[in-house]
Number of protein chains: 2
Amino acid sequence: MYQQAQEENSAEKPRRRSRIREAHEQKILEAAEQVFAHKGFNGATIEEIAEQSDLSKQNMLYYFASKEVLYQAVLRKIFHLWLDSLNLLGQQGEDPATMLSNYIRGKLEISRTMPNGSKVFANEIINGAPHIKQYLKENLQPALEADVKLVKEWIAQGKMDDIDPYHLFFVIWASTQTYADFSSQIQLALDKPSLDSDDFTRAGDFLTHTLLKGIGLSS
Amino acid sequence: MYQQAQEENSAEKPRRRSRIREAHEQKILEAAEQVFAHKGFNGATIEEIAEQSDLSKQNMLYYFASKEVLYQAVLRKIFHLWLDSLNLLGQQGEDPATMLSNYIRGKLEISRTMPNGSKVFANEIINGAPHIKQYLKENLQPALEADVKLVKEWIAQGKMDDIDPYHLFFVIWASTQTYADFSSQIQLALDKPSLDSDDFTRAGDFLTHTLLKGIGLSS
DNA sequence: GTCTATAAGGGGATAGAC
DNA sequence: GTCTATCCCCTTATAGAC
């Protein structure tokens, strides 16, 4: 799981972050996630984030020294959650259909419970990942390659159709994240003020049915 | 097809936009599309757009009175292209598999040829569509409903599986647009400096195979 | 249509008292 | 840790000459 990068307290010195710092940082991160999600990096103002954290702008800057630092913290938090879910394929002993099904529903669950984080991440990627490109490169590729290798084995064993594994994952990512990132469009299309858990259930049912059957894996 | 909204020259008065205005507006729109795609609305500066149009900032403002006006022009251009492609289902006389296949490949072609426009639109939707919500509401729903109705007829006629038509379209939109919007992530995953037309062919092959088969339509 | 000059305001960040 | 005050750059937009 993700660990705060600042946790460098070594050995005897119990230099733990105070309870108040812990609480404030948490509040700030949540507020920042929301504001960045709705305004983008440049559209967000540290003033608005501070307001939503019940802190003054200057006091907020005491905890996160700059807008850039705060943004990086938000980005990395969601990215690690996302990377963890990529490893669902690491589950041993399950059959391919169950593993992929869990994978799809796991990604959908992130979209449902962390829509703002997902939006911040999506915004960053769309703009060419200027703040996180290197970090992404180092962490995404290895995790994806492991999954791709597994799918290739399934194909070699005749367990599923001979499809391109990379595009399978691209499509799973896109079609699960769309329920977070493009929720405003989906709400308009469905004429609903917000997406509820039934909508996500329907999405999960459709996706698992269609994708598993589509690649020859339906049980 | 999309028409410039300013085309209000009526009857005898040949009040046509001068050739130079036409050319400059075109250059500006292209530059704006690119800059908005990479920086978002707030991150983009009219100065940068002007530079890429080989015009001074002030001169650019002579053609588009404000950043907001320019942004709206870019948004509407791509949105209408997008809406047109939604009507591919209006093709008569084709069987369902061919119609959906054309639809998917048409959307992919927009991603390939207009990636910047797609990104601007995606950015706007992610941020909650603040600049285009009303316009989207009035135009998206009717077009989508027509397509959904058609799919429901196919289901009633037993031509395909009984899936939720709305989610079918959400997934097609997401998985075709991802090759434009999230291209930087896909490039990292594939370890390529850019996506070429072979990548789009593979994406199209994967998508048509998987989605058509997945909903019980493969011929 | 294009240029120079400039108004006007927003917003990130720092200094230093308490 | 929190506050008041403030600096200063960046950016949009307008005024007006040519």
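This is a friendly conversation about how some of the descriptions of this predicted model are reached.

Colleague: Before we start, what kind of model is this?

Modeller: This is a predicted model, in which local features need pLDDT of at least 70 and side-chain atom pairs count only at pLDDT 80 or more, while totals for chains, interfaces and linings use all residues. Residues are numbered from 1 along each chain as its sequence is written, chains are lettered from A and ligands numbered from 1 in the order in which they are written, and side-chain values use heavy atoms, with hydrogens and water left out.

Colleague: Thanks! Which elements does chain A have?

Modeller: Chain A has ten helices and zero strands. The labels come from DSSP runs, numbered from the N terminus: a helix is H or I over at least four residues, and a strand is E over at least two. The C-alpha atoms of chain A fill a box of roughly 60 × 50 × 30 Å along the principal axes.

Colleague: Why is B:His24 called buried?

Modeller: Buried means a relative accessible area under 20%, exposed means over 50%, and partly exposed is in between, using a 1.4 Å probe and protein chains only. B:His24 has 14% relative accessibility, so it counts as buried. This residue sits in helix H1 of chain B. Among residues beyond its neighbours within four places in sequence, B:His24 is in contact (heavy atoms within 4.5 Å) with B:Leu55 and B:Tyr63.

Colleague: And what makes A:Asp164 partly exposed?

Modeller: Its relative accessible area is 21%, so A:Asp164 falls in the partly exposed class. A:Asp164 lies in the loop between helix H7 (133–156) and helix H8 (165–181) of chain A. Leaving out residues up to four places away in sequence, it touches B:Arg202 and B:Phe206. Over the whole of chain A, buried residues make up 53% of the 219 residues.

Colleague: How do you know that A:Asp164 and A:Tyr166 have a polar contact?

Modeller: A polar contact is a pair of N or O atoms within 3.5 Å; within protein, one must be able to donate a hydrogen and the other to accept it, and residues adjacent in sequence count only if both atoms are side-chain atoms. Here a polar side-chain atom of A:Asp164 is 2.9 Å from the backbone nitrogen of A:Tyr166. The distance is within the limit, so the pair is a polar contact.

Colleague: Let's turn to the DNA. What makes a residue count as near DNA strand D?

Modeller: One of its heavy atoms must lie within 4 Å of the strand. For DNA strand D, 17 residues surround it, and the closest are A:Ser18, A:Gln58, A:Tyr63, B:Lys57 and B:Lys67.

Colleague: Which atoms make polar contacts with DNA strand D?

Modeller: Among them, a polar side-chain atom of A:Tyr63 lies 2.5 Å from a phosphate oxygen. B:Ile46 takes part through a backbone N or O atom, 3.2 Å from a phosphate oxygen. H3(A) gives the largest share of this surface, four residues.

Colleague: How do the residues near DNA strand D divide by class?

Modeller: There are six nonpolar, eight polar and three charged residues. Ala, Val, Leu, Ile, Met, Phe, Trp, Tyr, Cys and Pro count as nonpolar, Asp, Glu, Lys and Arg as charged, and the others, Gly among them, as polar.

Colleague: Last one: why are H1(B) and H4(B) called roughly perpendicular?

Modeller: Angles of 65 to 115 degrees count as roughly perpendicular, under 35 as roughly parallel, over 145 as roughly antiparallel, and the rest as oblique. Helix H1 (residues 19–43) and helix H4 (residues 67–86) of chain B pack at about 95°, with axes 9 Å apart. Those axes are lines fitted to C-alpha atoms over the stretch in contact, and angles run from 0 to 180 degrees between N-to-C directions. H1(B) and H4(B) are therefore roughly perpendicular to each other. By class, their contact has nine nonpolar, two polar and four charged residues.
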